[in-house]
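This briefing goes through one protein model by topic, for use beside the sequence and the 3D view.

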Amino acid sequence: MGGASDAGGGGTMRRRVCSCSKDDFLPEESFRSWGNYWGALKDTPARLWDRVLTRSRDTTELHEVRARSQHEMKRTLTWWDLIWFGIGAVIGAGIFVLTGLQTREHAGPAVVLSFVVSGISAMLSVFCYTEFAVEIPVAGGSFAYLRVELGDFMAFLAAGNILLEYVIAGAAVARSWTSYFATLLNHDPQDFVIKADGLTKDYNELDPIAVGVCGIICLFAVFSTKGSSRLNYISSIVHVLVIIFIIVAGLSKANTNNYTPFAPFKARGIFKASAVLFFAYVGFDAVSTLAEETKNPARDIPIGLVGSMVLITIGYCLMVITLCLMQPYDQIDVHAPFSVAFKAVGMDWAKYVVAFGALKGMTTVLLVGAVGQARYLTHIARTHMMPPWFAMVNEKTGTPVNATVVMLSATAVIAFFTKLDILSNLLSISTLFIFMLVAVALLVRRHYVSGVTQPADRNKLIVCILLIIGSSIATAAYWGLTEHGWVGYVITVPIWLLATVALRVFVPQAHKPKLWGVPLVPWLPSASIAINIFLLGSIDGASFRRFGMWTGLLLLYYLLFGLHASYDTAKESRQTKEWRKIEEGKVSSTTNAVPEGGVNNSSEASAIPST
């Protein structure tokens, strides 16, 4: 039952392929017995303080943590693969579904500016992700970056929202896939959805086709990364050709009178639409999780990430300009805007081309999302914040099979029950929150190195970051609570500006990127923080309540399981390193004088050094 059998002769143990034991999920010392667990719970405050103040190191993430997957992921991807993964990951339900509602009810023809604002925010985040992905090319993506710079606790909070982001994004796209599939077969978008009157509103429209699509995607994602890349490459080419068709054919029916009035809902409508349409850019962070499988990260990741985002932003702007030139904004359909627009200009046959292109796009989004979310979960499990069973990499396929199957199963369950509008708003909150944290982490990375940065400079850094975040929150709150006021901006915006200037002038950079670095630091990361928080201020309150509930569940899990598992793993890692030094004769009599519960600095460092 323990999942092992005697191999005979030598007493070695051979694990049965299909069995699992408790040690696959909770192998740490704290869970060996109920007594151990009770002792760990009593020690929770001290352990939590240790994890809050402890940061990982680049080398730990690159070597020690990665080795816990037992087998290496295969390095098969180039910058060309990453560009197409980026296009495949991003262009999907956001542009084909949400554009109609936001154009008609919030932005009008000025929706192109909403896409520009969201695109700028996404591009700033891309720069931050790129520097991290080049220097820490591991499957953990933003989780690994935050663990190195902001510590275990903040990394875990981000990790939970990263996983939520991927599950919700996949579920939203899978449900949109069903709607466009119905359109392709000349049905109403809701014809293939089953209404269950006994269930709660917003969760009573069941979508079995979305579940089936998730299952098929799972097979491709499990098989191989390179195989997924080829499928994504072919699908993305078809998708790009359809987008070109939409732009060229649509502009042939353009009427410039439809662009009047340009911004009927003024600036507030533009930014409100931008916060929701940020959903259309979600997915590029999945490309950063492929760094571990990239042949030359220093060259391939910057080209792949930045190149794909530039192409996507240009494509989005051209598509919405075309849509608003084809049809007055108040007549644009909220469910299938591009298909109905072609029908309105006498090109009814074109709706089938659009539906086919949308399906192709959403298929690639699901595929790249499946690849990315599994690698996030794999790296999180390597730290034992999640059960290490999820970290296992299949020796034959070189892919994280366990993580892939579990994440797509969760995606299928959510897609089966939950409506798109609920999913899109909650997704934007999680994503903007994570992107803001990554920008903060980049500022910390550039300006603070443990043992190098002086306490005075560290304190200046903390004050500057708090002022940047605080002024950004105040600006977003003032925007959300005041319709026509301007006095608040006169106070909050200069505070953000002065804090950024102070960071640039008074806090020296302690770390210089060796291969590729974000330009104009601290301006670009500071701007990323400000714009992400500002967009958060345009999202509805109900979505924030759901976000708060999810964060509460994350904290409960962390305090009961994740904290103790990761603490034991770090402690064991320290002890292993000490024994290796002893065996090599490299330890002096003072080396072992590490405080009980402390973490060896060879793998982890204090997030807040002593003064």
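**Salt bridges and buried charges**

The count of salt bridges comes to ten. The model is a predicted one.

- R446 and E131 form a salt bridge, with 2.9 Å between the closest N and O atoms. This pair links distant parts of the chain, since R446 belongs to helix α17 (residues 420-447) and E131 to helix α6 (residues 111-135), 315 residues apart.
- R446 has a relative accessible area of 5% and is therefore buried. E131 is buried too, because its relative accessible area is 0%, and buried means under 20%.
- R147 pairs with D152 in a salt bridge whose closest N and O atoms are 2.9 Å apart. R147 is buried at a relative accessible area of 5%, and D152 counts as buried at 0% relative accessibility.
- R147 and D152 also belong to a network with D50 and R51, joined by salt bridges that share partners.
- R47 and D43 meet through their side chains in a salt bridge of 3.3 Å, N to O. R47 counts as buried, at 10% relative accessibility, whereas D43 counts as partly exposed, at 30%.

**Cavities**

- The structure holds three cavities of 30 Å³ or more. The largest cavity has about 200 Å³ of space.
- Which residues lie closest to the centre of the largest cavity? They are A89, A169, G170, V173 and V365, out of 21 residues that line it.
- Five elements are named as giving two or more residues to this lining: α4 (79-90), α5 (93-107), α8 (152-184), α15 (350-382) and α16 (401-417).
- By class, the lining of the largest cavity is made of 13 nonpolar, seven polar and one charged residues.

**Nonpolar surface patch**

- W79, W80, Y233, I234, I237, L241, I244, V248 and I303 make a nonpolar surface patch of about 810 Å².
- The elements that give two or more residues to the patch are α4 and α10 (225-251). The most comes from α10, with six residues.
- W80 has its place in helix α4. W80 is partly exposed because its relative accessible area is 38%, which falls between the limits of 20% for buried and 50% for exposed.

**Buried positions and distant neighbours**

- A107 lies in helix α5. With a relative accessible area of 1%, A107 is buried.
- A107 and P264 are 157 residues apart along the chain, while their C-alpha atoms are separated by 6.9 Å.
- G562 is found in helix α21 (residues 541-583). Is G562 buried or exposed? G562 is buried, because its relative accessible area is 0%.
- Helix α14 (residues 337-344) has P337, F338, S339, A341 and F342 as its buried residues.

**Backbone details**

- T260 and P261 are joined by a cis peptide bond, with omega about -5 degrees. P261 is found in the loop between α10 and α11 (266-277).
- V521 and P522 are also linked by a cis peptide bond, here with omega near 10 degrees. P522 lies in the loop between α19 (487-506) and α20 (523-536).
- N186 is not a glycine, yet its phi is positive, at about 65 degrees. N186 lies in the loop between α8 and β4 (194-195).
- K266 is not a glycine either, and has a positive phi of about 60 degrees. K266 is found in helix α11. At 60% relative accessibility, K266 counts as exposed, because exposed means over 50%.
- G346, which follows α14, has a positive phi near 85 degrees.

Definitions and conventions
Residues numbered from 1 in each chain as written. Predicted model: local features only at pLDDT ≥ 70, side-chain atom pairs only at ≥ 80, totals over all residues. Heavy atoms only, no water. 1 Å grid on protein atoms, 1.4 Å probe; cavity = no way out; pocket = protein on both sides within 12 Å on 5 of 7 lines; lining within 4 Å. Points joined across faces, edges and corners; volume = space filled by probe spheres on them. Helix = DSSP H or I, 4+ residues; strand = E, 2+ residues; numbered from the N terminus. Nonpolar A, V, L, I, M, F, W, Y, C, P; charged D, E, K, R; others polar. Patch = residues over 30% accessible without salt bridge, like charges linked within 9 Å, V, L, I, M, F, W, Y side chains within 5 Å. Areas by Shrake-Rupley, 256 points an atom, 1.4 Å probe, with all protein chains shown as cover. Salt bridge = Lys/Arg side-chain N within 4 Å of Asp/Glu carboxyl O. Buried < 20%, exposed > 50% of the residue type's maximum accessible area, 1.4 Å probe, protein only.
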